Amino acid sequence: VCSSDLTYGTFLVAPGAILDLNGTGPRPSWTGEITGTGGGQVNFNDGSLTGSSLTLNFTNDMFQWAGGTLFGNILNTGIIDISGTNSTYLGNNSVFINDGLVRHFGPGGFFFQEAGGGSLVFDNEPGGTYQVINDTVIATANCCAGTVFTNSGLFWKNGGTNTTTISVAYDNIGGTNEVDSGVLSIA
């Protein structure tokens, strides 16, 4: 995908097939609800993508976020896997609302990219789960806008034997924090 604007849509990806979203052109902009079927994978490994009132509603292991930067207003109502060794980024002046499941498998960190001075929010809603299945970090990159990870749902570390560190502002608003393996450090 080089450069595209997508307004609503479904990715049909056959089992064993991969749709690679790594574009080389200007940052694509997606709006509306994007979903997928077919048993394959939609991979976002590099580059950047802007969501304008974007809803991601993928099932199973379909959406693999293994690098790159998401910008804008994004709502997850399905499953997003943060996988791979590359770090993933939430871009400047963005809000990510999780009403589904974010599974953090890969050792790459999840960073709030502050360049530009806008605030950044990751909001884990009452029905949302952020599951960490390794040892990693949730932190800021660059400096100095307001960043916050709010948890009204479930933050669950159930993998890895060492430490997962949250070093952005962590606001637990009636949420549950469960640690079944290793150490969760809230700095």
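Which aspartate meets the side chain of lysine 157 in a salt bridge? It's aspartate 135, with N and O 2.9 Å apart; a salt bridge here is a side-chain nitrogen of Lys or Arg within 4 Å of a carboxyl oxygen of Asp or Glu. The model is a predicted one, so local features need pLDDT of at least 70 and side-chain atom pairs count only at pLDDT 80 or more, while totals for chains, interfaces and linings use all residues. Residues are numbered from 1 along each chain as its sequence is written, and side-chain values use heavy atoms, with hydrogens and water left out.

Lysine 157 sits in strand S17 (residues 154–159) and aspartate 135 in the loop between strands S14 (129–133) and S15 (137–141), so the pair ties together parts 22 residues apart in sequence. Strands (E, at least two residues) are DSSP runs, numbered from the N terminus. Lysine 157 is buried, at a relative accessible area of 0%, whereas aspartate 135 is partly exposed, at 24%. For these labels, buried means under 20% relative accessible area, exposed over 50%, and partly exposed in between (1.4 Å probe, protein chains only).

A search of the whole structure turns up three salt bridges. Arginine 103 has one with aspartate 81, the closest N and O atoms being 2.7 Å apart. That pair links strand S11 to strand S8 (residues 79–82), 22 residues apart in sequence, and both residues are buried. Arginine 103 also meets aspartate 61 at 2.6 Å, N to O; these two are 42 residues apart, with aspartate 61 in the loop between strands S5 (48–57) and S6 (63–65). Aspartate 61 is partly exposed, with a relative accessible area of 40%.

Then there's aspartate 123, which is buried yet has no salt bridge. The nearest side chain of opposite charge (Lys and Arg count as positive, Asp and Glu as negative; His and the chain ends are not counted) is arginine 103, 19 Å away. What aspartate 123 does have is a side-chain polar contact of 2.6 Å with threonine 150, meaning a pair of N or O atoms within 3.5 Å; within protein, one must be able to donate a hydrogen and the other to accept it, and residues adjacent in sequence count only if both atoms are side-chain atoms.

Aspartate 123 belongs to strand S13 (residues 120–124). Four of the five S13 residues are buried, so the strand is largely enclosed by the rest of the structure.
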